[in-house]
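Let's walk through this one together, a few helices and then the DNA. Have the viewer open and follow along.

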Amino acid sequence: MINPSPPSVDLLKIYHRLYTAFGPQHWWPAASRFEVIVGAILTQNTSWKNVEKALKSLKDNTPSTSQTPLLENGEFNPKWFYDIPRNQLARLIRASGFYNLKASRLKAFMTFLYDEYGGALDRMFLDTTGPLRRKLLKVSGLGPETVDSILLYAGDKPYFVVDAYTRRVFSRHALVNEKASYSEIQDFFMKRLPLNASLFNEYHALIVNVGKKYCKTKPDCERCPLAYLFNE
DNA sequence: GACCAGGCACATC
DNA sequence: GATGTGCATGGT
């Protein structure tokens, strides 16, 4: 459950502190919306550096005999991901870890995308037949964080993304309970912020940044731009 | 050689 | 609903 933090806790003030300290983060680093989705699955419990290796491995995969995963404009070709056998895909994403699992999850998403929307992301994000978030959550391997990352960073929809850094940074400042559920923490943000995709985009990226720099297992609160929270 | 990283599904209680 | 476990590579 949410901590008895002051209901007046000013999440916009925290946001501006982070933005002033770090500047714009330019998330998500990807060439296309589809690549955002691939990255969102590959980065599950995995450092982004390893994901970058896996993405590069995919892009460098240009066998003379078969199709390349890239379109002529350099973007990933969803059809390639739909067609490639799971085992071959697994080999290419090896560096991201959990590669058999993630290959299955990518294939599960591709099946969903083609079965429901004929492979067209445009159609998926324009789906008005029901809550897209619910549909995505039913795809095996897509949990709340992955789905919200897809909706926010590929679909430009205002869902606040909660991850391990969000929980750690905000529980250490006693603003959320360390054991709060995903949806409780998400509500904490979404009830206190304007529902704005650009804001959520930048905010989450800034939280990850401050988490990586100052809020690891061994925190470095001395130089952290959020240290002021301890004195309020 | 531990420990960690932008989770999730499944089993069990 | 809470807790435990498997999944795996690569950096520190």
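Is the crossing of α2 and α9 left-handed or right-handed? The crossing of α2 and α9 is right-handed, where right-handed means that the near helix is turned clockwise from the far one by less than a right angle, and left-handed means anticlockwise. Before going on, some housekeeping: this is a predicted model, in which local features need pLDDT of at least 70, side-chain atom pairs count only at pLDDT 80 or more, and totals for chains, interfaces and linings use all residues. Residues are numbered from 1 along each chain as its sequence is written, while chains are lettered from A and ligands numbered from 1 in the order in which they are written. Helices are DSSP runs (H or I, at least four residues), numbered from the N terminus.

Back to that pair. α2 and α9 pack at about 160°, with their axes 9 Å apart; axes here are lines fitted to C-alpha atoms over the stretch in contact, and angles run from 0 to 180 degrees between N-to-C directions. The two helices are therefore roughly antiparallel (over 145 degrees; under 35 is roughly parallel, 65 to 115 roughly perpendicular, and the rest oblique). Arg33, Val36, Ile37, Ala40 and Ile41 of α2 meet Thr146, Ser149, Ile150, Tyr153 and Ala154 of α9, with contact meaning C-beta atoms, placed from the backbone, within 7 Å. By class that contact has seven nonpolar, two polar and one charged residues (Ala, Val, Leu, Ile, Met, Phe, Trp, Tyr, Cys and Pro are nonpolar, Asp, Glu, Lys and Arg charged, and the others, Gly among them, polar).

Stay with α9 (residues 144-154) for a moment. Nine of its eleven residues are buried, so α9 is largely enclosed by the rest of the structure; buried means 20 or more other C-beta atoms within 10 Å of the residue's own, exposed means 12 or fewer, and partly exposed lies in between, with C-beta atoms placed from the backbone. Those buried residues pack against α2 (33-42), α8 (132-138) and α12. After α9 comes Asp156, with a positive phi near 60°.

Ile37, Val38, Ile41 and Leu42 of α2 touch Lys102, Arg105, Leu106 and Phe109 of α6, a set of six nonpolar, no polar and two charged residues.

The crossing is left-handed.

DNA strand C has 15 residues around it, and Ala95, Gly97, Phe98, Asn100 and Leu101 come nearest. α3 (48-59) and α6 (99-117) are the elements giving two or more residues there.

Last stop: Asn73, in the loop between α3 and α4 (78-83). Asn73 counts as exposed because it has 8 C-beta neighbours inside 10 Å.

Conventions
Contact = placed C-beta atoms within 7 Å. Near = placed C-beta within 6 Å.
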